[in-house]
Amino acid sequence: MHPDDGIIYLAEVDSTNSYCMREAASLASGTFVVADSQTAGRGRLGRVWHSPPGCNLYVSIILKPPFQRLDPAVLPQIASLAAYNTVRDYGVQDVWIKWPNDVYVGDCKLAGVLTESRVVAGAVEAVVTGIGINLNMSPAELAVIDKPATAVGAQLDRDIDRDDCLQRLAGYFNAACATCQSHGFEQIYAEWRDASGLVGRRVSITGTEAGVTGTVRQFAIDGSIVIVDERGASHTVRSGDLTLTLL
Ligand code: BTN
């Protein structure tokens, strides 16, 4: 992608995801919408995504039908893998993808993904993939977040250029979409599964009625996680409104 091709830069917006959902009809498929700050940045499960000005990457990508062999259901995995590869390029160590699609360094969250669909008269008009990567937040700003969080700059002790990060992320995201379109999802799925590092780990998943605790056996290709409990029973849990805790 040539710098600025297909990228809309906003100084301030409520949320880049909300902007894409509102403006879906007029935005070209494949457009990246980036904001310096978000006044109502949103995360999964109705959470707030802390979005102070000028220090992080807040971007949403709008894709519209026809998706040409790309199943939009895999966009969260494509996006989290793109964020994972981007921050590793900078040299951040101990990065992993926490199911379903958060990027962590150790116990601290570094990036998140929020995918939403706009449905009009029963048909998908657009799928919006929002990615937030903490880049240059100060320790004081990170402390405002209600869960342990970190930033690429804090990990490397230097500032990260937002637009350089965007170009790297866009490269990984677009390449993974093209791979899925030409060869299906298997290769990207395998990379995503390896990046998760969760197979064999004991976890607890909350949000389902009863919750599930056990050892991760595998991930299904649709992004479901397969957990074996202490009685040997296997549970397949789809993502959605769920939280995973490492035990
Ligand atoms: C999460 O981890 O809960 C998902 C966070 C997603 C944040 C990004 S920032 C760009 C886009 N706009 C939003 O309002 N949210 C996403």
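**Note on aromatic contacts and the domain interface**

1. In this predicted model, R168 is placed over the ring face of Y90, at 4.6 Å from the ring centre.

2. Four aromatic pairs are found when the whole structure is searched. One of them joins W96 and Y104 in a tilted arrangement, with 5.6 Å from centre to centre and 45 degrees between the planes. W96 and Y104 are both buried.

3. A further pair consists of W192 and F219, whose ring centres are 5.1 Å apart. The planes of these two rings stand at 70 degrees, so the pair is classed as edge-to-face, given that planes over 60 degrees apart fall into that class.

4. The chain is split into domain 1 (3-195) and domain 2 (198-246). Taken over C-alpha atoms, the centres of domain 1 and domain 2 are separated by 24 Å.

5. At the interface, 18 residues of domain 2 are in contact with 13 residues of domain 1. About 1,300 Å² is buried between domain 1 and domain 2, and carbon and sulfur atoms give 67% of this area. On the domain 1 side, the most area is lost to domain 2 by L45, W99 and Y189, which together account for 48% of what that side buries. The number of salt bridges between domain 1 and domain 2 is zero.

Methods
Residues are numbered from 1 along each chain as its sequence is written. This is a predicted model: local features need pLDDT of at least 70, side-chain atom pairs count only at pLDDT 80 or more; totals for chains, interfaces and linings use all residues. Side-chain values use heavy atoms; hydrogens and water are left out. Rings of Phe, Tyr and Trp (its six-membered ring) pair if their centres lie within 6.5 Å; planes under 30 degrees apart count as stacked, over 60 as edge-to-face and the rest as tilted. Buried means under 20% relative accessible area, exposed over 50%, partly exposed in between (1.4 Å probe, protein chains only). A charge sits over a ring if NZ of Lys or CZ of Arg is within 6 Å of the ring centre and within 35 degrees of the ring normal. Domain bounds come from an automatic or database domain assignment. Contact means heavy atoms within 4.5 Å. Buried area is the accessible area (1.4 Å probe) that two parts lose on being put together, summed over both. A salt bridge is a side-chain nitrogen of Lys or Arg within 4 Å of a carboxyl oxygen of Asp or Glu.
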